[in-house]
Amino acid sequence: GETNRFAQVLLMLVPLGIFRFIDERSAFLRWTAAVATTLIVVGVVLTFSRGAAVGLVALVIAMAALRFVRPRHLIGVVLALVLVLAAFPQYAVRLGTFGEIGAFAGENVNRGSVGGAVLSRVTETLAAALVIVDHPVIGVGPDMFNIYYEEYAEDVGLLVRQDAFREAHNLYLGIGAELGVPGLVVFLIIFLLTIRMLIQARRASIDRRPDLERLTTPFLLSLMTYAVTGLFLHLSFARFFWLIMAVAAAA
C-alpha cells in the first residue's frame, strides 16, 4: 500500500525487462518482455512518485551513456513523457515541487514558497544527519530513529510532525542514524563491492561473451536506480533489495 515503495521496487525491474527485449531471439519472448516492461513503467508512473521519476531519468541517461539508447529513442522517451504529463497533470504538479528545493539555497528559508511535504522530508533528512553526529559509533538502534525524530526535528526547526511515525527518507542517512557510521560503512562496502564485481564481469565478457554482458549490465543498472531512489527513501521492504543484490552477485 506504499506507492513510493511500489515504484522503487518496480523500477529495479525495468532494465531487466529492457535487456530481455534486446537479447531474446524468439520474437514471442521479445515482445512479451516489451509488453511486460511497458506495463511496469506505466505502474511506476501511476504511483506519481517523484523519487522514481528521478530514478527513471537517471536510468535513461545511464543507458544513453552506455550507448544502449540511440538519439531517436531519447526523442521517443521525451514524447512519451509529454503524453504522460498531459494525461496526468497532477503528476506534473508533483514533479514541479522539485523547484521548491531551491528555496533552501540561502541562509533564510522562505517557508511560504515551500510545500509541507518538502519541508517535512527535508526536516527528517536533516534530523537523521544530526542523529549521526550525536551517535556516530553504534547509532540509536534499528527502527529507533522515530523515537529521536521529534527532538532533532525541533533542532532543524523547519516542520515538525508531532505524534506521527517518521523515518529519515534517505537510505544512507537512515542507516547511519540507526546503525552508526560503522554500520553505514559495512552496508556501502557490500553495495559497492557488488557493483564492482558487476563492472569487472561486464568488462571481461563484453568482447568474448556478449550474452553474459547483457546479463550483468541490467543488474548494474538496477542497483544504480535503487541507489538514486535511495536519496529520497530509507531502507524498507528490504527483502526486495537484497533479492536483487543476491541475483546480481550470482550474475
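**Helix 1 and helix 3**

I looked up this pair first. In this predicted model, the axes of helix 1 and helix 3 come within 10 Å and cross at roughly 20 degrees. Angles under 35 degrees count as roughly parallel, so I noted helix 1 and helix 3 as roughly parallel to each other. The crossing of helix 1 past helix 3 is right-handed. From helix 1, I listed Ala 7, Leu 11, Val 14, Pro 15, Ile 18 and Phe 19; they meet Ala 52, Gly 55, Leu 56, Leu 59 and Met 63 of helix 3. I sorted this contact by class and got 10 nonpolar residues, one polar and no charged.

**The largest pocket**

Next I looked up the largest pocket, which holds about 1,100 Å³ of space. Its lining has 35 residues, and Ile 18, Val 41, Leu 56, Val 60 and Val 77 are the closest to the centre. Helix 1, helix 2, helix 3, helix 4 and helix 5 each give two or more residues to this lining. By class, I noted 28 nonpolar, five polar and two charged lining residues. Ile 18 and Leu 56 were already in my list for the contact of helix 1 with helix 3.

**Helix 8 and helix 10**

Last, I turned to helix 8 (residues 171–205) and helix 10 (residues 238–250), which pack at about 40 degrees with their axes 10 Å apart. That angle makes helix 8 oblique to helix 10. Helix 8 passes helix 10 in a left-handed crossing. Among the contact residues are Phe 187 and Phe 191 of helix 8, and Phe 241 and Trp 242 of helix 10. I counted nine nonpolar residues in this contact, one polar and no charged.

Methods. Residues are numbered from 1 along each chain as its sequence is written. This is a predicted model: local features need pLDDT of at least 70, side-chain atom pairs count only at pLDDT 80 or more; totals for chains, interfaces and linings use all residues. Side-chain values use heavy atoms; hydrogens and water are left out. Axes are lines fitted to C-alpha atoms, for helices over the stretch in contact, and angles run from 0 to 180 degrees between N-to-C directions. Helices (H or I, at least four residues) and strands (E, at least two) are DSSP runs, numbered from the N terminus. Angles under 35 degrees count as roughly parallel, over 145 as roughly antiparallel, 65 to 115 as roughly perpendicular and the rest as oblique. A crossing is left-handed if the near helix is turned anticlockwise from the far one by less than a right angle, and right-handed if clockwise. Contact means heavy atoms within 4.5 Å. Ala, Val, Leu, Ile, Met, Phe, Trp, Tyr, Cys and Pro count as nonpolar, Asp, Glu, Lys and Arg as charged, and the others, Gly among them, as polar. On a 1 Å grid over the protein atoms alone, a cavity is a set of points where a 1.4 Å probe fits but cannot get out, and a pocket is an open set with protein on both sides within 12 Å along at least five of seven lines; lining residues have an atom within 4 Å of a point. Grid points are joined across faces, edges and corners, and a volume is the space filled by probe spheres set on the points.
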